[in-house]
Amino acid sequence: MDQQQRLDALAAVTPAEELDHIRESIVSNLFQKSRELCSKSVVIQDKNQLYKSEKLDRIFTSKVWGFPIMLGLLGVVFYLTIAGANVPSSMLANFFGWVEGYITLAFTAMNAPEWLHGLLVLGLYRGTSWVVSVMLPPMAIFFPVFALLENYGYLPRVAFNLDRLFKKSGAHGKQSLTMAMGFGCNAAAIMSTRIIESPRERMLAILTNNFVPCNGRWPTLILLASLFMAVGFTGGMHTLVTAFVVMGMVLFGVIITLLVSWMLSKTALKGTPSHYTLELPPYRKPKMLNTILRASLDKTIYVLRRAVKVAAPAGVLTWVLANIYIGDTSILLHFVQFLDPFGQLLGMDGFILMAFIIGMPANEIVLPILLMGYLSTGALTEVEDMAALKQIFLDNGWTWLTALNMMLFSLLHFPCGTTLVNIFKETKSWKWTFVAFAIPTVIAIGVTFAVAQVIRGFGWV
Amino acid sequence: MKEYTIALAGNPNTGKSTLFNALTGLKQHTGNWAGKTVTLASGYYRYKNIPLKIVDLPGTYSLFSNSEDEEVARDYIVFEKPDVTLLVLDATSLERSLNLALQVLEMTDQVLICLNLMDEAKKKGLKINAKQLSKNLGVPVIPISARNREGLDVLSDTLLKMCSGTIKTKPYKMKYREEIEAKIIKLEKELSEILGPDYPARWLAIRFLDGDSKLIAALKNKLASNGEGGGVHGSTTALGRSGGGHSC
Amino acid sequence: MKDQSDMTTLYLAQSGQKFLIQKVKIKGDLKRRLLDLGFVPGSVVEVLKASPLGDPVSYRVAGTVIALRKEESQLLFGEVIQR
């Protein structure tokens with residue numbers, strides 16, 4: 001008898017119905033021995049210190065304080081991001097503008113043709129530098145602060161606090177962890193849903209992850225909230241109100257996530273939540289400097305890479321579309337005019353929808369494309385300060401409703417190209433990838449339409 | 001010069017990747033191994049001018065076939081036979097970590113244990129006697145704090161001595177309840193007759209008893225491919241390489 | 001070993017109580033995962049606290065803290081032991 005056959009003969013040595021019992025016996029023995037070893041080599045010197053994490057849990061997951069603390073921390077993170085990003089953002093913008101002056105001089109000195117200057121400087125350079133100066137500072141604050149909370153061990157507590165809501169909506173408790181990943185990048189969060197073993201619940205996490213605003217959408221939300229929602233407040237109050245509005249957006253996204261999960265688990269993804277266990281590791285004081293440096297460095301590289309890979313070509317494309325004319329109107333304007341009636345119905349306009357569609361590869365470039373569109377020259381303007389920026393919007397007929405609906409659309413609309421590619425890679429299904437595109441799109445259209453009708457109906461704008 | 005291969009195993013969240021980064025710095029690459037979807041990162045470093053290759057196995061609570069992570073980690077230790085399996089234990093929750101340690105000690109003699117997060121354990125008022133633990137387990141136990149880079153030299157030193165055979169280990173082998181033990185001994189005898197000395201027969205006997213069909217399939221696979229390859233163990237060749245760098 | 005009818009479930013144990021596990025009435029994957037985490041017959045588990053919304057509940061087991069939903073803790077049988 002050969003090796004393989006002899007092994008086969010031994011393979012079924014334990015009857016199937018006894019397997020669970022054997023395993024239980026084996027693991028019980030293992031833990032018995034572990035306890036014995038521990039009692040020989042570990043001395044507990046201070047019970048108070050040992051159970052410190054549990055004392056902190058009594059506060060962080062308390063019935064009274066658990067949720068207020070959670071919201072408070074989220075608010076603090078947003079406040080720091082918004083308050084801290086303003087100055088470096090404008091410094092970067094000024095720096096890029098200063099460099100551009102010299103580049104333009106160089107082009108003139110070389111007698112470069114007008115179109116080349118337009119393509120490379122007004123399209124490519126301005127598009128890229130916009131993304132860098134608007135994206136980088138908030139990211140360089142948000143992610144280190146978030147990383148500190150993460151390394152401290154707070155995120156599992158969030159999952160612990162929210163678990164019941166997710167269970168009620170038929171979703172997996174670990175979905176809150178994949179959502180936290182989504183704050184950084186939805187595309188990366190799609191990969192992280194692998195921590196959910198049940199295929200049904202993993203699909204729920206994949207399909208709803210987009211309702212958490214990512215890296216690329218923060219600046220849009222922050223900028224519009226600060227320009228249009230916090231009007232009439234100055235200084236610290238202005239920042240505070242802006243932070244509140246952004247937080248409201250995030251909470252709205254979470255509510256939509258729970259609602260969509262609930263509806264899906266009653267229909268297309270029917271089922272009850274699978275069993276799971278959640279570990280609450282001890283709180284650990286993070287290595288401050290290390291965490292901050294690592295998180296901001298990683299993000300810097302990420303934003304820069306994305307700026308070069310996605311923003312630069314999109315800047316060029318937008319410039320080209322805005323400068324090639326059919327009749328006496330540019331291609332871009334034809335497109336905008338086509339979209340405009342629908343955009344108006346949703347409380348926005350054709351330019352905004354155009355920006356979302358061309359900005360599909362990456363959410364970072366939606367706002368720069370929108371600005372390029374608004375400026376008749378077809379190139380992104382140098383935005384010296386926020387007042388100038390707001391004036392551009394006002395000149396194009398914006399009200400606070402326009403800003404609100406653009407924020408809502410940004411929060412709820414279809415996932416970016418990279419995310420969709422990852423969804424296809426993970427689900428290996430065109431059908432589900434399409435669903436992942438369709439659900440947010442329908443919701444975004446529905447919500448903005450409803451909001452526009454209500455607000456106009458009451459005559460508030 | 002001979003390059004030694006070291007497999008890094010441990011529970012999730014024990015600072016395993018912190019140790020991996022502390023040892024290998026930025027010289028890492030990731031690759032799929034043995035057709036699994038789980039990605040293994042490996043990195044290199046030199047200690048006393050000897051090249052050491054560290055393979056970062058997935059963090060697991062045990063090494064049964066509960067998940068693909070566990071299968072990958074287990075198959076690597078048993079079939080790829082790294083020179084040393086470096087087991088990272090969480091000093092702050094030793095009881096659960098030891099459950100994994102006892103399983104690894106059944107699989108291979110070449111085990112080096114490091115107690116990570118010693119700084120945290122101290123803060124929590126835990127006093128751990130590493131010497132006692134080492135005596136009980138029959139393998140070296142090195143206390144470290146990977147994130148403060150404490151104890152890493154002693155660790156590397158011991159690693160090298162184990163690779164070169166200067167330190168011999170005598171790992172503790174788990175004893176089970178009588179009725180199970182009797183079955184294990186019988187199976188162990190049969191398996192070592194079939195497989196020869198290249199495989200840990202006692203551990204395999206326990207896996208057979210546990211009805212671990214995935215392991216049995218992996219074992220048969222391994223035997224079949226060894227037959228084709230003339231019985232030579234490929235120790236590092238199976239580690240596929242793909243474009244380096246971490247994805248975002 | 002007690003008869004199962006004498007046992008209570010971990011779910012019914014109160015915060016602060018210690019609970020000796022005697023029977024894990026679960027099958028398959030979940031059973032194996034719970035075993036790996038230290039929910040094994042013979043282990044003593046301490047009930048820590050419920051989440052703000054009442055469920056899940058956290059337990060100290062094998063020197064770590066693990067949260068279980070009531071669906072799981074109802075299937076772990078044993079008895080409350082005095083401190």
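Predicted model: local features only at pLDDT ≥ 70, side-chain atom pairs only at ≥ 80, totals over all residues.
Residues are numbered from 1 along each chain as its sequence is written, chains are lettered from A and ligands numbered from 1 in the order in which they are written, and side-chain values use heavy atoms, leaving out hydrogens and water.

Eleven residues of chain B are in contact with seven residues of chain C, where contact means heavy atoms within 4.5 Å. B:Asn66, B:Glu95 and B:Arg96 supply 58% of the area that chain B buries here, more than any other three residues. No salt bridges are counted between these two chains (a side-chain nitrogen of Lys or Arg within 4 Å of a carboxyl oxygen of Asp or Glu).

## Where chain B meets chain A

Let us turn to chain A. This contact takes 55 residues from chain B and 45 residues from chain A, and the area buried is about 4700 Å², of which carbon and sulfur atoms give 59%. Five salt bridges cross the interface; one of them joins the side chains of B:Lys220 and A:Asp8, at 2.5 Å from N to O. The count of residue pairs in polar contact is 16, with both residues at pLDDT 80 or more.

Which element gives the most to the side of chain B that touches chain A? Helix H7 (178-195) of chain B does, with eight residues. Helices (H or I, at least four residues) and strands (E, at least two) are DSSP runs, numbered from the N terminus.

Strands take part as well. Strand E1 (residues 42-44) of chain A runs antiparallel to E7(B), and three bridges join them; two strands pair if DSSP finds at least two bridges between them. Within this pairing, A:Ile44 stands opposite B:Leu126.

## Inside chain B: two domains

Chain B is divided into domain 1 (4-164) and domain 2 (178-228), with bounds that come from an automatic or database domain assignment. Their centres, taken over C-alpha atoms, are separated by 25 Å. The contact takes twelve residues from domain 1 and 13 residues from domain 2.

Together the domains bury about 1100 Å², 61% of it on carbon and sulfur atoms. B:Arg74, B:Phe79 and B:Glu106 supply 47% of the area that domain 1 buries against domain 2, more than any other three residues. B:Arg74 also forms a salt bridge with B:Asp212, the closest N and O atoms being 3.1 Å apart; the count between the two domains is two salt bridges. On the domain 1 side, H2(B) gives the most to the contact, with six residues.

How values were computed. Buried area = accessible area lost by both parts, 1.4 Å probe. Polar contact = N/O pair within 3.5 Å; in protein donor to acceptor, adjacent residues only side chain to side chain.
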